[in-house]
Amino acid sequence: MTDQAVDTDGVRLSPDVAMEARFLGRTRELKELRADIERAGLDTLSGRKAPRARVLLIAGRPGSGRTTLGEELVRQVADRYPDGVLRARLSETDGTRVPVERSARELLESLGAPAPAGAAEDDLAEALRTALAGRRTLLLLDDAADAEQVDALLPDNPECLVVAISQGPLTGICDVRPCTLGGLDTKSAVELLSGIAGPVRVTVDPRAAEDLAERCQGEPAALVLAGGWLAARPQAAVADLARHLHAETDEGTATGRVLRLVHDALPAPAARMLRLLSLAPAGLADPHTASALAGCTVSSARTTLDDFVSVGLLHPVGASLPQYEVPGCLHPLLKRLAEAHERPGELQLARARMLERAVRLLQSCRAITETDSPQAREKLLGTPRSLRFSSPRDAADWLRVRRPALLASARLAVADGTLDTLARRLMSQLVRAMVAHFGTQAAAGDLYGIHHLVLDVAERRRLPREQAAALLNLGDLDARTGRTADALARYRAALDAGRAANDSYATGRATESVGGAHLELGDFDRAADWFGRSLAERLARGERADAARLYGRIAAAHTYAGRYGEALRNWRAAVAGHRRNGDVAARARALSELARVQEYAGRPEESLRTCREAVEWARRAEDTRLQAALHLRLADTFGRLGDPASAALHRSSAERMLEEEAQEPGTDPKHSGDTYEIRSPSGQD
């Protein structure tokens with residue numbers, strides 16, 4: 001035995017109830033698994049070096065204690081793997097298979113390795129194998145749905161070990177012998193009951209305890225619930241519970257029979273909340289989720305959830321914020337109870353309340369970051385106190401903890417298809433909150449998935465404006481990760497959707513983005529043509545700032561193509577446009593590029609004059625980096641003109657500026673402008 005608290009596929013006990021509960025039994029299984037690590041594989045026996053990590057399989061039904069056994073094995077052998085333990089759950093609590101892409105991304109994030117947004121499943125799996133090469137790492141893959149999931153995540157490194165947990169065999173993975181679990185032996189089962197319910201009642205009636213263990217079929221999950229039922233009723237005898245279970249005539253697992261008994265003994269409001277927790281996304285609930293589902297106050301929901309923990313119905317997740325997990329073995333049972341006791345309309349209403357609460361929390365989470373906006377402050381003050389956050393840091397912590405549940409909420413809402421309006425609002429607020437707190441770059445992987453969901457809803461509901469927005473955002477993320485051809489296809493589709501919606505903002509963005517994609521692909525003629533189309537649209541609408549910027553993009557395309565005359569003409573137009581708009585920084589940058597093209601065109605004297613002018617405007621714009629770059633360019637030009645003294649003077653000026661800037665306190669600006677929205681006629685969120 002060890003000091004580890006019992007965990008039956010997620011069924012853990014709170015400290016006050018599980019004080020005496022420990023890892024029990026499974027001595028033979030642990031011995032077999034540890035021996036399997038040392039066992040020579042088929043490759044070794046045939047004289048070949050093992051090409052991949054050894055896989056140990058723990059097979060058993062949910063509630064059999066398979067996760068507990070896996071965690072105990074990991075605890076015992078973890079010191080052999082100095083590069084750490086990685087964990088991934090390969091099925092949702094409702095049994096839905098988790099895509100390999102998501103699992104690989106989570107494992108890469110745990111390793112601190114890059115996981116490009118939108119990368120294909122095979123690319124992420126290969127990146128994971130590369131990251132694990134040369135490491136001694138232990139992977140615990142819980143609740144695997146099939147062999148393909150495990151095989152895709154296997155390291156090509158025999159120094160690693162994979163412990164896979166599944167309901168059945170993983171046919172197709174070479175050299176795997178399953179360790180199949182049944183119920184606990186009677187001695188261990190009785191000891192588990194004694195540790196949870198208290199030893200006195202078990203000691204005075206050992207036969208009844210053995211009978212109860214037999215009624216529970218030795219299933220740890222059923223024994224934990226039975227022990228919790230007894231712990232909550234100090235006056236009840238063990239024989240009373242055994243008789244209740246004997247009277248149960250419904251077929252099903254022992255865990256299901258005990259759960260029905262526990263459920264029926266709860267007060268009606270608590271029983272209803274327990275049933276509705278089957279709707280909690282990813283099996284994760286907090287007091288707000290439970291409050292919205294059951295239609296009660298947040299404080300009473302928190303109390304009821306803590307009561308559920310005390311009898312083994314839930315277990316807390318993390319310590320920083322109150323969050324609870326519905327055990328995977330109980331989720332389908334609770335779902336059946338909900339379907340039996342609640343009308344479909346009531347379940348739909350509970351889902352809607354839960355999504356609406358998530359939307360309001362996300363609005364508050366984002367609003368607290370907008371400290372300079374009087375409108376945001378006013379809206380925040382109008383929010384109920386229970387939905388407010390005390391500081392931006394608290395809001396960010398909440399968003400980080402609830403992130404898996406919020407993403408699961410969006411996926412489930414879109415898959416349901418009957419709450420699309422709420423789903424759209426949820427995804428809109430989720431994107432805004434993530435960008436506000438984490439930045440676009442850090443949240444890119446999640447944002448890519450959300451934009452895909454937005455696109456699914458927009459196509460299903462025939463909403464071309466939102467379809468254009470999703471395609472533009474997906475195209476931007478594709479372009480940022482080097483998938484330029486994919487980005488080009490997205491931008492063209494966004495252009496069609498924008499035209500269908502008669503949305504000038506979307507069409508303008510899409511037209512310019514198509515040009516940018518062609519520029520990145522090296523097709524400079526098409527790039528200049530598309531930028532020209534976008535410029536014509538901007539000029540027709542009187543958008544002078546965007547027009548000046550587009551003159552610069554056209555000039556860049558001509559520069560790359562070697563058409564310096566056209567490039568100079570467009571850069572001069574860009575400089576004139578920025579001058580009329582009063583944009584000092586943009587004017588300095590345009591002059592800098594104009595000087596560069598003049599130098600390319602063989603006009604060094606003109607380049608020097610333009611470069612000096614650019615330095616002056618960069619100084620006015622307080623752009624130190626641009627000033628330093630221009631001084632370096634002047635130094636190179638003077639060097640080519642045979643004036644080493646002037647070249648040295650400008651080079652020393654550039655070095656001094658860069659040193660002074662490096663000594664100043666740095667800032668970490670948010671990338672809040674990298675995610676685009678399509679503006680609708682309504683100003684509502």
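**Close-up views of a predicted model**

**View 1. Helices α13 and α14 meet at a crossing.** The axes of helix α13 (residues 268–276) and helix α14 (residues 287–294) come within 9 Å of each other and cross at roughly 110°. That makes α13 roughly perpendicular to α14, a label given to angles of 65 to 115 degrees, while angles under 35 count as roughly parallel, over 145 as roughly antiparallel and the rest as oblique. Axes here are lines fitted to C-alpha atoms, for helices over the stretch in contact, and angles run from 0 to 180 degrees between N-to-C directions. From α13, Arg272, Met273 and Leu276 meet Ala290, Leu293 and Ala294 of α14, where contact means heavy atoms within 4.5 Å. By class, this contact of α13 with α14 has 5 nonpolar, no polar and 1 charged residues. Ala, Val, Leu, Ile, Met, Phe, Trp, Tyr, Cys and Pro count as nonpolar, Asp, Glu, Lys and Arg as charged, and the others, Gly among them, as polar.

Two notes apply to every view. This is a predicted model, in which local features need pLDDT of at least 70 and side-chain atom pairs count only at pLDDT 80 or more, whereas totals for chains, interfaces and linings use all residues. Residues are numbered from 1 along each chain as its sequence is written, and side-chain values use heavy atoms, with hydrogens and water left out.

**View 2. The protein as a whole, for orientation.** The protein has 31 helices and 8 strands; helices (H or I, at least four residues) and strands (E, at least two) are DSSP runs, numbered from the N terminus. Its C-alpha atoms fill a box of roughly 105 × 65 × 45 Å, taken along the principal axes. Of the 685 residues, 51% count as buried, meaning under 20% relative accessible area, with exposed meaning over 50% and partly exposed in between (1.4 Å probe, protein chains only).

**View 3. An open sheet of 5 strands.** The strand order is β2-β3-β4-β1-β5, with parallel pairing; two strands pair if DSSP finds at least two bridges between them. β2 (85–89) and β5 (178–180) stand at the edges with a single partner strand each, so one side of each is left without a neighbour in the sheet. On average, and ignoring direction, neighbouring strands of this sheet are turned by 15° against each other. Strand β1 (residues 54–59) is joined to strand β4 (residues 161–166) by 6 bridges, and Ile58 has Ile165 in β4 as its bridge partner. Helix α3 (residues 66–77) packs on the sheet, touching β1, β2, β3 (138–144) and β4, and its direction makes about 180° with that of β3.

**View 4. Strand β3 and its partners.** 7 of the 7 residues of β3 are buried, so β3 is largely enclosed by the rest of the structure. β3 pairs with β2 in the parallel sense over 5 bridges, with Ala88 opposite Leu141 and Arg89 partnered by Asp142. Another 5 bridges join β3 to β4, where Ser166 is the bridge partner of Ala144. In a regular strand the side chains alternate between the two faces of the sheet. In β2, Leu86 and Ala88 make up a covered face, and Val85, Arg87 and Arg89 an uncovered one.

**View 5. The largest nonpolar core.** A nonpolar core is a set of buried Ala, Val, Leu, Ile, Met, Phe, Trp, Tyr and Cys residues joined through side-chain atoms within 4.5 Å. Of the 62 residues in the largest one, Leu212, Leu277, Phe308 and Leu313 touch the most other members. Helix α10 (residues 220–231) gives the most to this core, with 8 residues. Leaving aside residues up to four places away in sequence, Leu313 touches Leu225, Leu259, Val262, Leu274, Phe308, Pro327 and Leu330. A second, separate core of 54 residues includes Trp398, Leu447, Leu474 and Trp530.

**View 6. Two loop residues with positive phi.** Asn502 lies in the loop between α23 (484–500) and α24 (504–520). Its phi is near 55°, a positive value in a residue other than glycine, and at 71% relative accessibility Asn502 counts as exposed. Glu622 sits in the loop between α29 (604–620) and α30 (624–640). For Glu622, too, phi is near 55°, and its relative accessibility of 67% counts as exposed.
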